[in-house]
Amino acid sequence: MRKDFGSQSWLFPMPVLIVGSYDENGNPDAMNAAWGGIHDTNQIGVCIDPGHKTAANIQLHKCFTVSIGTADTVTACDYVGIVSGNDEPDKFRKAGFHAVKSAFVNAPLIAELPMTLECRLISFDASCGCAVGEIVNVSAAESILGDDGKIDPAKLCPISYDPVHHNYLKVNGIAGKAFHDGKKLK
């Protein structure tokens, strides 16, 4: 048996994406974008309401960063999602974030968030709020790298948004090996 819930914006997992940008005065801004993910090869798509300060910033500078929310930064990540940069110009600092200038795009890296996609704006559709960016660099703090020199998800400890119960969930553990386990059924 199944239970029908009708049309809902429910998907698991939903990444917690923190979009960073600079305003017209060079001040850093961040917002929590619940809807987003890989759009195409080396591209990310993020839904941003055209009325958000971040949307204006991205269109002004034609670039942005996307950092991954983590379990130890959940309070700050939630804060930048519930407070508007249009209403609180010091939102970035009040979240406890510190900006580090990206070497690749004119947008801030957030020191407290250890993994970031640095992006150039490809397009912004104001009718639906879809921003598509070309990923020009992925940067990671050494503290989340494994013995192989790559990002270790266990050290990153990314969080996911539960749209049904409005919780943040930890993403951890290995369930299987991609491009391998299915071969057992060939």
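Visitor: What covers the buried residues of helix 1?

Guide: The cover includes strand 2, strand 3, strand 6 and strand 9. Helices (H or I, at least four residues) and strands (E, at least two) are DSSP runs, numbered from the N terminus. The model is predicted: local features need pLDDT of at least 70 and side-chain atom pairs count only at pLDDT 80 or more, while totals for chains, interfaces and linings use all residues. Residues are numbered from 1 along each chain as its sequence is written, and side-chain values use heavy atoms, with hydrogens and water left out.

Visitor: Which residues of helix 1 are called buried?

Guide: They are K53, T54, A55, N57 and I58. Buried means under 20% relative accessible area, exposed over 50%, and partly exposed in between (1.4 Å probe, protein chains only).

Visitor: Why does K186 count as exposed?

Guide: K186 has 88% relative accessibility, and therefore counts as exposed. K186 lies in the segment after strand 12 (167-170).

Visitor: How does helix 1 lie against the strands?

Guide: Helix 1 (residues 53-61) lies across strand 2 (17-22), strand 3, strand 6 (63-68) and strand 9 (115-125), and runs at about 55 degrees to strand 2. Axes are lines fitted to C-alpha atoms, for helices over the stretch in contact (heavy atoms within 4.5 Å); angles run from 0 to 180 degrees between N-to-C directions. Helix 2 (residues 74-82) also packs on the sheet, where it touches strand 2 and strand 3, and its direction makes about 95 degrees with that of strand 3.

Visitor: What is the order of the strands in the open sheet?

Guide: The seven strands follow the order 3-2-6-9-10-5-4, with antiparallel pairing. Strand 3 (28-33) and strand 4 (36-40) are called edge strands because each pairs on one side only; two strands pair if DSSP finds at least two bridges between them.

Visitor: How many bridges join strand 5 to strand 10?

Guide: Five bridges join strand 5 (residues 43-47) to strand 10 (residues 130-140). The definition asks for at least two, so these strands count as a pair. Within them, I44 stands opposite G133.

Visitor: What classes of residue line the largest cavity?

Guide: Its lining has two nonpolar, two polar and five charged residues. Asp, Glu, Lys and Arg count as charged; Ala, Val, Leu, Ile, Met, Phe, Trp, Tyr, Cys and Pro as nonpolar; and the others, Gly among them, as polar.
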